[in-house]
Amino acid sequence: MFKLALVLRYLRKRRITIFPIAGVALGVMALVVVMSVMQGFETDFRSRIRGIMPDMSLTFYDVGGFVGDVDGVVKRIEGVGEVRAVSPYVSGLGLAVVKVPAGDGGLYENVFNQYVNFQGFDFARQDKVLNLKKFLQYGEDSFAAHPYGKGGQVMPVIVGARIAKRKFEGVRVKTTDWGNLDRGMQIQLMTFTPSYERSKKTGLIVDVVSTGVYDIDEHTAYLPLDWARALREMPANSVNGIGIALKEYNEESVAAATKHIREALADIVAPGSFDISTWEEERRTFLTAVAMERRIMAFILFFFLVNAGFAISAILIMIVLEKVRDIGILRAMGASSSGVASIFLVYGVTIGLVGAALGLVAGVTFVENLDYIEQFIYQQTGWQPFPPNLYDLPEIPRILNWWMNFYIVATAVVVSFAASLIPAVRAAWLDPVEAIRYE
Amino acid sequence: MSETILEAVGIYKSYGKGRTYVSVLEGTNLAIGEGELLAVVGASGSGKSTVLHVLGGIDTPDKGAVLYRGEDISKMWGGRRDLVRSRIFGFVFQFYHLLHEFTALENVLMPEMIRQGVLAWPGRRAAAHKRAKLLLDQMQLGERLYHKPLELSGGEQQRVAIARALMAEPKVLLCDEPTGTLDAKTGKEIMGVLFDLGRAGQTMVLVTHDERLASGAHRRVTLADGRIRQGARGA
């Protein structure tokens, strides 16, 4: 009982304890805020990539893709139990040259050019594999509905939002909500055929795709499957790959679907001519980088807590030195050395707990009011910490993961405990005789 | 002499190493009978306090044994010795050694708090408070229960220290120069308190250089050159 009584009395009487408590609170708050926002960003990025990529992709290795019974291949894959929808595609790396109409009606060629990953698909099929319409500015089957695409006379192209946002120096164009490019503007796509001959087609922009993923919005062009074949001069019975949506996306389902698709195609497609990968495998580098960034941030911010731990150690060592006489008296009255040590351990852990609790409350409050705080900073200083157009986000993403918060608090308490060990051991090892003589 | 309750047998104790080596006790033998008030006198630096610390188990001898009712407490494992110390001995120091952050009442309660765990304390609290208040009343400090040590005079602080030492109902009270820092009048008051305890049958070892205090003891011994040199029957 004496340990608790002493800890409570020391805590009440030592105002200096406020400093390590504030240190722990700041560390915990910083970790809660940064980890919540980082996880928010990561989850947001994942969901955006997830939305614009099929669960799985079957990719043919040959530069000319698969030439043969494409409908047969599609039907076989559709027949696999785990598969929900299938969309064959033709893809390639190309150069987009945008031609913007000037105010006087003239045409400015080569206003800018941009390398693109173009993909040709059947809109209806693709919309079933991934929720494509959700990402389009006009939100419709632009290939079919828009007059520029009708009749198959003109190549309709959907461009990425960041391409659409490009500024054109000296050219007066109508600005839309999403940028300077809009329906009806000319775009030329250049690429290489399977025999490495240059090929180009001019089309019209029919829509803009905005995913919020920089890489996709900066380098994407979508066009109908037949136009993509025509652009790459590939035959009508060819594809580069097949996007596959699963009924359920999990490890077992992916493994089963991969196995069953390979079995289904065994007699019509050469087994070594294609690869099946998940969206996560295709984006592994990016996803790993984002996750790594979060871990590095956590590691760096952990040193906030280590710093607070040093403050706890310093304060406790100071108190031990100040209380040498008291420790001797307690030992003389029968307090054990472990009992004396536990006074300082409990003291340190209490500092950690109080600091962590305050930091958690402050951190959660901060995260909950992040947008208000950002607005306040913006109003007061004119500086916007998270410009919405930079990340294409209406608000700062954040996820309050209570398990993560629990780990943060637990880490703070463990650090506080570790920081208290040296002073506690020092107090325990004090010779009671020497301590009593200390006057 | 009544039955021996505490005995030091051939105690050797030294401090330091090399040039700083000091041999304090060199085969000290001392026996304390139950209910006896023994005074240990000697010149400054003769090792009086060391004898008291070794007897009370807050210091260990280099050689020799400290027997409490025949059991060697000096060889006990740390935790067990702590337990013995909290149940058998009460200490009164020259400089009172009260905990300044606690009131007089809380200081007196401290030995009981040390003996009780957090869970057991609520059940013991009322009885402990009652006894602590009674002891402070007996020390004529009933009006000073909630005063901090620095708000009390030297004599009052020493009476709080005596009440604290008696709180755990010690079998042996070990007093190290209890009047050493007090003026003559206050010292006399404290002597009165201690002699009353001695008359009531409290076994006590008084380390002192105060002749008046020593002369009030049942027996006095002199410590010189690390050994008990002589013994005399007192009051």
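Residues are numbered from 1 along each chain as its sequence is written, and chains are lettered from A and ligands numbered from 1 in the order in which they are written. In this predicted model, local features need pLDDT of at least 70 and side-chain atom pairs count only at pLDDT 80 or more, while totals for chains, interfaces and linings use all residues.

Chain A and chain B touch. The contact draws 21 residues from chain A and 24 residues from chain B. Two residues are in contact if their C-beta atoms, placed from the backbone, lie within 7 Å. On the chain B side, helix 2 (78-88) and helix 3 (104-115) each supply at least two residues. Helices (H or I, at least four residues) and strands (E, at least two) are DSSP runs, numbered from the N terminus. Helix 2 of chain B gives the most to this side, with six residues. By class, the side of chain B that touches chain A holds 13 nonpolar, seven polar and four charged residues. Here Ala, Val, Leu, Ile, Met, Phe, Trp, Tyr, Cys and Pro count as nonpolar, Asp, Glu, Lys and Arg as charged, and the others, Gly among them, as polar.

Within chain A, the axes of helix 2 (residues 18-52) and helix 13 (residues 337-368) come within 7 Å and cross at roughly 40 degrees. Axes are lines fitted to C-alpha atoms, for helices over the stretch in contact, and angles run from 0 to 180 degrees between N-to-C directions. The residues of this contact divide into 18 nonpolar, seven polar and no charged.

Leu316(A) lies in helix 11 (residues 284-322) of chain A. Leu316(A) is buried, because 28 C-beta neighbours fall inside 10 Å. A residue is buried if 20 or more other C-beta atoms lie within 10 Å of its own, exposed if 12 or fewer, and partly exposed in between, with C-beta atoms placed from the backbone. Beyond its neighbours within four places in sequence, Leu316(A) contacts Phe344(A), Tyr347(A), Gly348(A), Ser420(A) and Pro423(A).

Most residues other than glycine have a negative phi. In chain B, Glu169(B) has a positive phi near 50 degrees. Glu169(B) sits in the loop between helix 5 (154-167) and strand 7 (172-176). Glu169(B) is exposed, because it has 12 C-beta neighbours inside 10 Å. Phi of Glu177(B) is also positive, near 45 degrees. Glu177(B) occupies the loop between strand 7 and helix 6 (184-199) of chain B. Glu177(B) is buried, with 20 other C-beta atoms within 10 Å.
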